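Here is a short briefing on one protein chain. Please keep the sequence and the 3D view open while reading.

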Amino acid sequence: MMTDPIADLLTRIRNAARVKAEACIAPGSAMKVRILDVLKREGYIRGYEVFTEGHRSHIRVDLKYGPDGEQIISSIDRFSAPGCRRYRRVSELPKVRGGLGIAVVSTNIGVLSDRECREKRVGGEVICTLA
C-alpha cells in the first residue's frame, strides 16, 4: 500500500526528467489526472494519456524539453502531505521562484495553478510546487 501516491507521481516525473526520458508511467487516479491537467495548461508537460486494464489504470506522462534539450521542470516538490495538510488563503499562496514557477492548489472549484487561484480569488490546499 502506498501512503502518498501524489508524491510517487511527482518523483516519477522528477526522475524521468533528470535522465531526459520521453515519458514516464504511473498508476492512475482522478486526482493525478487533475494535477496533470494543470501541468499541461501551464506548459510543463506535453500531455498525458490514461490507460485502463481491468480495474487498474495507468497514466503515461509525456515530458517536455526546451529546443536544445534543456529541462522544463528543474524542480518539483510536494508541499502538502497526507500527514500534514497545508492550506493557504489566496493572499498567502507561495510565489515560487519569484513568480517564475507555479504552485498546484486543490480548491473547492477544482485543481488550479496559483495564478488561476489569484484570478478567481480562491485558496485551498497547496499540493506541490514546480519551477
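A charge sits over a ring if NZ of Lys or CZ of Arg is within 6 Å of the ring centre and within 35 degrees of the ring normal. This is a predicted model, and in it the charged end of R86 sits over the ring of F79.

**Rings**
- The charged end of R86 lies 4.1 Å from the centre of the F79 ring.
- Rings of Phe, Tyr and Trp pair if their centres lie within 6.5 Å. By this rule, the count of aromatic pairs is 0.

**Strand β6 and its partners**
- Strand β8 (residues 124-130) runs antiparallel to β6, and 5 bridges join the two.
- Strand β7 (residues 110-113) also pairs with β6 in the antiparallel sense, over 4 bridges.
- β6 and β7 form a hairpin, with 2 residues between them.
- V104 stands opposite C128 in β8 and opposite S113 in β7.

**Helix α2**
- Helix α2 has 12 residues, 30-41.
- At 1.5 Å a residue α2 should span 16 Å, and its end C-alpha atoms are 17 Å apart, which agrees.
- Which residues of α2 are buried? They are K32, I35, L36, V38 and L39.
- Seen down the axis of α2, the buried residues fall within an arc of 155 degrees, so they line one face of the helix.
- An α-helix has 3.6 residues a turn, so residues three or four places apart point the same way.

- D4 is found in the segment before α1 (5-18).
- Is D4 buried or exposed? Its relative accessibility is 15%, so D4 counts as buried; the cut-off for buried is under 20%.
- Leaving aside neighbours within four places in sequence, D4 is in contact with R78 and P82.
- P82 lies in the loop between β4 (76-78) and β5 (87-88).
- P82 counts as partly exposed, at 40% relative accessibility.
- With neighbours within four places in sequence left aside, P82 is in contact with T3 and D4.
- P82 and G123 are 41 residues apart in sequence, and their C-alpha atoms are 18 Å apart in space.

Notes
Residues are numbered from 1 along each chain as its sequence is written. This is a predicted model: local features need pLDDT of at least 70, side-chain atom pairs count only at pLDDT 80 or more; totals for chains, interfaces and linings use all residues. Side-chain values use heavy atoms; hydrogens and water are left out. Rings of Phe, Tyr and Trp (its six-membered ring) pair if their centres lie within 6.5 Å; planes under 30 degrees apart count as stacked, over 60 as edge-to-face and the rest as tilted. Two strands pair if DSSP finds at least two bridges between them. Buried means under 20% relative accessible area, exposed over 50%, partly exposed in between (1.4 Å probe, protein chains only). Contact means heavy atoms within 4.5 Å. The expected span of a helix is 1.5 Å times one less than its number of residues. The arc is that of the directions from the helix axis to the C-beta atoms.
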